[in-house]
Amino acid sequence: MSSQPPIAPGQLTEPLEIAPADWRKPDVYQLITSLVVPRPIAWVSTVAPTGHRNLAPYSYFSLVADHPPHVAFSSIGEKDTLRNIRATGEFVINIADQSLLKQLDATGSHFDAEVDEFGEVGLTPAPSVRVRPDRVQEARAHLECRVAAIHPVGNGNLVVGEVVHVHVEPEVWRDGRVDSTLLDPVLRLSRCYGRLSTEVTEEEEPAPHVFT
Ligand SMILES: Cc1cc2nc3c(=O)[nH]c(=O)nc-3n(C[C@H](O)[C@H](O)[C@H](O)COP(=O)(O)O)c2cc1C
């Protein structure tokens, strides 16, 4: 008889030491997504070869290069977003602020490929400048991307995109840069969403940091 894998304890009476391989999939998901926080959210718009628009949130998302800038997100399994990117090579990362939280969350539900999530959740599609997928007009910043690589990693597919065009609304710009607190992006926490605090540990950098 095979032994039942341990589940996450309700309370810890001693430090947790665990190999993910020893735990059930949902428990590992809960553990790891509560440790890697807060996560920014790529609200990814794509277009299918048929012309159907698609929009979905991805919080396994980060910046991976800055010259030229590249971003990456991971699709767990094959989803419409990934299929569209494989087929067309283009996508837009819409940066959602707190006023768009409900719509962002709603686009995380499953919709058939033919359904236009923009219309479904009441968002306005606006033409992008350098790529075919529309961007979300209500978002105040956008990264238009061309795919650079797609790598399978574990149960994920890491999509790396070169940012070929950036759009930023004046209202989130201050002193030569995007002001994070004005941008007010939606963040992903363990079971819920979060927002940036206006309390920052070091407001002024002594000099701009550039990784070399
Ligand atoms: C806030 C949030 C973050 C999400 N992050 C991811 C992610 O990083 N990777 C992933 O595969 N799915 C993620 N999902 C689930 C997808 O958004 C969901 O499966 C969606 O239906 C995919 O849509 P698509 O088939 O149109 O691409 C997330 C959902 C929410 C609500």
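A backbone N or O atom of Pro-57 lies 2.8 Å from an oxygen atom of the ligand, which falls under the definition of a polar contact, a pair of N or O atoms within 3.5 Å. This is a predicted model, in which local features need pLDDT of at least 70 and side-chain atom pairs count only at pLDDT 80 or more, while totals for chains, interfaces and linings use all residues. Residues are numbered from 1 along each chain as its sequence is written, and side-chain values use heavy atoms, with hydrogens and water left out.

A polar side-chain atom of Lys-79 lies 2.9 Å from an oxygen atom of the ligand, and a polar backbone atom of Asp-80 is 2.9 Å from a ligand oxygen atom. Taken alone, the ligand exposes 650 Å², of which the protein buries 87%; accessible areas come from the Shrake-Rupley method with a 1.4 Å probe.

## The shell around the ligand

The ligand is surrounded by 18 residues, the closest being Asn-54, Pro-57, Tyr-58, Ile-76 and Thr-81, where a residue counts if one of its heavy atoms lies within 4 Å. By class, this shell has six nonpolar, eight polar and four charged residues, with Asp, Glu, Lys and Arg taken as charged and Gly among the polar ones.

At least two shell residues are supplied by each of β3 (53-58), β5 (69-76) and α2 (80-88), and the largest share, four residues, comes from β3. Helices (H or I, at least four residues) and strands (E, at least two) are DSSP runs, numbered from the N terminus.

## The annotated domain

For residues 34-180, an unreviewed UniProt entry lists "domain: Flavin reductase like", and such annotations may be inferred rather than shown by experiment. Over residues 34-180 the chain is 16% helix and 46% strand, and the end C-alpha atoms are 23 Å apart.

## Backbone features in loops

Most residues other than glycine have a negative phi, and most peptide bonds are trans. A cis peptide bond, with omega about -10 degrees, joins Val-37 and Pro-38, and Pro-38 is found in the loop between α1 (25-35) and β1 (39-40). The peptide bond from His-67 to Pro-68 is also cis, with omega near -10 degrees, and Pro-68 has its place in the loop between β4 (61-66) and β5.

Asp-175, although not a glycine, has a positive phi of about 50 degrees, and Asp-175 lies in the loop between β11 (173-174) and β12 (177-178).

Technical notes: A polar contact is a pair of N or O atoms within 3.5 Å; within protein, one must be able to donate a hydrogen and the other to accept it, and residues adjacent in sequence count only if both atoms are side-chain atoms.
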